[in-house]
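Keep the viewer open as you read.

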Amino acid sequence: VAAHNNRGSRQRHQKGFYPQSRGSHGARFDPTAVDFPLYGSQMDMEAVQVGPDTIGQIPGDEYIEDGSLGLSPFADSVRPVVISTGGSDSDGELLQEDGYELQQETGWTILGESGTPGDPGDLLPTLPDDDYPDGATLFNLTDNKIYRNVAGVWTRALDGADLIAESVTASAISAGAIGTVELSASAVIALVSNEGGTTVINPAGLTVTDGAITVENAIGTVIIDGSTLIFRILYNGTFTSVIPDDGTTFNQSEYESLPGLGTFAATPAHLTYLATGNTGADNQHLSYFHNYNASERWLSSTSGGATNQSVVYVWDQHQAFTRLSGSTCQVAVNSAIHQASGSSYTVYVRTYVLEQSAL
Amino acid sequence: MLIRWNADGDVIATSDVMVQRDENGNVIGFIDFAEVEAEGIPLIELVVTPRAVGAGAWPEWLAHQAQDFRVEVDPDFSMHKPRGQRPDHRVRALVHKVSGYRRDRVTVENEIKRRIKEAKGKPADIRDLVGGPTKPLLLDAEGRAIERGRVRVRTFPHVTRENENGRQ
């Protein structure tokens, strides 16, 4: 903790902050009170007999040579302490150590637990105080926190910029403490769950219960408005309808049942394509198509009468549709053909069963 | 993909996707045909094709092109055997009806495993290998998979939000 208070040796009284007693080294040495042989005006230390009666009677600052004491006189658990001074006019003197309070004149102060425990602020000197100018720092043992005088107010706030980069781990942040204010507007958030707004984004997808998804394209047109209904594909598959060339089959119905889709109360919509070939390049007819002869055929308007009118001759026609068998969806293709082609006839069916649904 | 075949073994119908619904009619997902088969549930009960005598799952999406093949089923496969005591799959190959070219299941599945291993935990891209419900494989006249080829297009200026806001 930096020490930078120039309070000097002034004594003060305050709750939790004790006045200092300088020079409390104990009794001063009194040469007349002991039975030491003196030799003139200077004591010959080699001649002094030190024993139990001299304990506490020899003033070190007068009879011990400066710098002559080493560590050996101290027990292993006791070491001299050097106090670093911060003020230019401070002498760094240790003023008092009473077990509760340790104070150095330089302004680096530890406030003790003496007094009434409670609000740490009660133990702090009231500001403004000339002894604690702006920037003065105290360490309070009551709450074990460092206080600084910042513009006349004690604060224990820390500057986040002083934290070591990327040193704050998840366990150092309270659960649920981070809100949307702390997040960047462009933040990518995994597993977002906003239960209040019933919006949930999770690995299984996006769920919006009470809201509406709106999507705009590049030119600002709303292409998904959250209200318009769409068709959803329930089933997609292919099958064929083969009409044999047996000379007797003139119409045929081929179908598939889709019990895997469950039951339906109403016949579902569909989008079914019919083709006469099985390649990707074959024409895809939407649910209905017919082949007709380009040349005309002539009919008589009366039975047995002479032909008197022409008609377009239809070779075959096919129609796809959905229907319900009980409550099971079926996709069916009805075909009507003529029997002059000389070969079987195959219709290739590709179907989508649809359901009207909200997005 | 789910395929059905007739008494001659000719594929006569396919199913790319079929949704599964809950008791309220809400869609809860796609039916996994391969898993249904593995569970011992007859696939022929999902889609009933009157002329079909059998149904099975196939790892590739071939759409209508599958109807150019006949199936080769595993003779040891039986729905009545419990899982683990019967072959994993019922259809083990598709054989082109004209060229005789075989599309062996084990070849496809081994290639899928190899790509998954190479991906080292990342999603493996097998789209060119098995196609997809909306983009089946493209086969030639003999039943071999061919590349779709790149689409040649001209690039025209188009509107984007970026250049509307003055950014390119």
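This is a predicted model: local features need pLDDT of at least 70, side-chain atom pairs count only at pLDDT 80 or more; totals for chains, interfaces and linings use all residues.

In which sense do strand 17 and strand 18 of chain A pair, and over how many bridges? Strand 17 (residues 307–325) and strand 18 (residues 328–337) of chain A pair in the antiparallel sense, and 10 bridges link them. Strands here are DSSP runs of E with at least two residues, helices are runs of H or I with at least four, and both are numbered from the N terminus. Two strands count as paired if DSSP finds at least two bridges between them.

Residues are numbered from 1 along each chain as its sequence is written, chains are lettered from A and ligands numbered from 1 in the order in which they are written, and side-chain values use heavy atoms, leaving out hydrogens and water.

Two backbone details in chain A deserve a look. Most residues other than glycine have a negative phi, and most peptide bonds are trans. A:Ala151, in the loop between strand 5 (145–150) and strand 6 (153–155) of chain A, has a positive phi near 55°. The peptide bond from A:Leu127 to A:Pro128 is cis, with omega near 5°; A:Pro128 lies in the loop between strand 3 (109–111) and strand 4 (137–140) of chain A.

Now turn to chain B, where an open sheet of 3 strands has the order 5-6-7 with antiparallel pairing. Strand 5 (69–73) and strand 7 (102–104) of chain B are at the edges with a single partner strand each, so one side of each has no neighbour in the sheet. From one strand to the next, the twist averages 25° (axes are lines fitted to C-alpha atoms, for helices over the stretch in contact, and angles run from 0 to 180 degrees between N-to-C directions). Strand 6 (residues 91–96) of chain B is joined to strand 7 of chain B by 3 bridges, and B:Ala93 stands opposite B:Asp104. Helix 2 (residues 105–119) of chain B packs on this sheet, touching strand 6 and strand 7, and its direction makes about 45° with that of strand 7 of chain B.

Finally, where do the chains meet? Contact (heavy atoms within 4.5 Å) involves 32 residues of chain A and 30 residues of chain B. Together the chains bury about 2,300 Å², 44% of it on carbon and sulfur atoms; buried area is the accessible area (1.4 Å probe) that two parts lose on being put together, summed over both. A:Ala218, A:Thr238 and A:Asn278 supply 22% of the area that chain A buries against chain B, more than any other three residues. The interface has 4 salt bridges, each a side-chain nitrogen of Lys or Arg within 4 Å of a carboxyl oxygen of Asp or Glu. B:Arg51 forms a salt bridge with A:Glu254, with the closest N and O atoms 3.2 Å apart. Strand 12 of chain A and strand 2 (residues 11–21) of chain B run antiparallel, joined by 5 bridges, and A:Tyr235 has B:Met18 as its bridge partner.
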